[in-house]
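Open the model in your viewer and keep the selection panel at hand. The stops below are given in the order in which to select them.

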Amino acid sequence: FEPITVGIAIGAASALTGYLSYKDLYCRFAECCRSERPLNASALKQDLEEKLFGQHLATEVILKALTGFKNNKNPKKPLTLSLHGWAGTGKNFVSQIVAENLHPKGLKSNFVHLFVSTLHFPHEQHIKLYQDQLQRWIRGNVSACAGSVFIFDEMDKLHPGVIDAIKPFLDYYEQIDGVSYRKAIFIFLSNAGGDLITKTALDFWRAGRKREDIQLKDLEAVLSVGVFNNKHKHVRQDEVFSEPFEICRTPSFSTEDTCQLDDQLALPKRKYSTLEMLAFSRIWLFLIMFLLGNLR
Ligand SMILES: Nc1ncnc2c1ncn2[C@@H]1O[C@H](COP(=O)(O)OP(=O)(O)OP(=O)(O)O)[C@@H](O)[C@H]1O
């Protein structure tokens, strides 16, 4: 062996080992992004099954979407999930579970960003400022961590102008100004359409069918008419998600449950029996999931 070549090889090998162990060591004490780390699907499944009450469809769909997305080394789009339901039905809770399974520190992670419409974007006259700040925030954070997670709560109260600022990041672009958004995850939470799901769930109950019998297709027509084509809503979600999408909704209520009636519940204007009211007051109304990524 030639001494110089051997020397260079040994040098390169030790530099690489040093770098790797330094990174390992660093990540023991500081949070690292690790976008490429595969998702622990069984841990997510266990979390959803044990913590999320009665969400058979949500559990199934979230698992499928996330594992498909994370196993895809070259997604064509970021993953976009949209969860709908009444207040207190578990949308933030699910987002938290998802976030923790992607970044162990969950909502406290530097790579998970939660926006609340009424808190972060309250003033209509500042839309331009919000658009600019939000775009810079997303760009900066995805540059730092490709697998960043962005959660937008109260989407139904979000000004369409702010939604316009998010739209470009959800599309098929390979890069925008040198940054790829394809590994990012956007989660939208909204109360829109809750009443329609309640009604569908109630119809099932009246027909003597179990809530677990409700399938994704049962709500598709109702939702597409009621939510996506509702021109009177502040935010028309079909404007955001104009691509073909897969809709999933997950009524998660078990009839054995004895949840209290929520005053805010806007049930259809008909007199219901106490049993009906109790049974449907806290239904986790539905989950709509838009799989904009290249999922299998
Ligand atoms: N399906 C559920 N399974 C288990 N716990 C739930 C469920 N739904 C709600 N909870 C509990 O209720 C709390 C409040 O729910 P959460 O904040 O997630 O509701 P939300 O749908 O996001 O409400 P909002 O529309 O007001 O933001 C959760 O932190 C959780 O403890």
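Begin with helix α8 and colour its buried residues: G194, I197, T198, T200, A201, L202 and F204. The model is a predicted one. The helix covers residues 194–206, 13 residues in total, and its first and last C-alpha atoms lie 18 Å apart, close to the 18 Å expected at 1.5 Å a residue. Step past the end of α8 to G208, where phi is positive, near 75 degrees.

Next, select residues 56–71, helix α3. Which residues of α3 are buried? They are L57, A58, T59, V61, I62, L63, A65, L66, T67, G68 and F69.

Now show two helices together: α2 (residues 41–51) and α4 (residues 91–102). Their axes come within 10 Å and cross at roughly 155 degrees. Because angles over 145 degrees count as roughly antiparallel, α2 is roughly antiparallel to α4. The crossing of this pair, α2 and α4, is right-handed.

Display side chains at the contact. From α2, pick A43, L44, D47, L48 and K51; from α4, pick F93, I97, E100 and N101, which they meet. By class, this contact of α2 with α4 holds five nonpolar, one polar and three charged residues. As a general point, an α-helix has 3.6 residues a turn, so residues three or four places apart point the same way.

Key: Residues are numbered from 1 along each chain as its sequence is written. This is a predicted model: local features need pLDDT of at least 70, side-chain atom pairs count only at pLDDT 80 or more; totals for chains, interfaces and linings use all residues. Side-chain values use heavy atoms; hydrogens and water are left out. Helices (H or I, at least four residues) and strands (E, at least two) are DSSP runs, numbered from the N terminus. The expected span of a helix is 1.5 Å times one less than its number of residues. Buried means under 20% relative accessible area, exposed over 50%, partly exposed in between (1.4 Å probe, protein chains only). Axes are lines fitted to C-alpha atoms, for helices over the stretch in contact, and angles run from 0 to 180 degrees between N-to-C directions. Angles under 35 degrees count as roughly parallel, over 145 as roughly antiparallel, 65 to 115 as roughly perpendicular and the rest as oblique. A crossing is left-handed if the near helix is turned anticlockwise from the far one by less than a right angle, and right-handed if clockwise. Contact means heavy atoms within 4.5 Å. Ala, Val, Leu, Ile, Met, Phe, Trp, Tyr, Cys and Pro count as nonpolar, Asp, Glu, Lys and Arg as charged, and the others, Gly among them, as polar.
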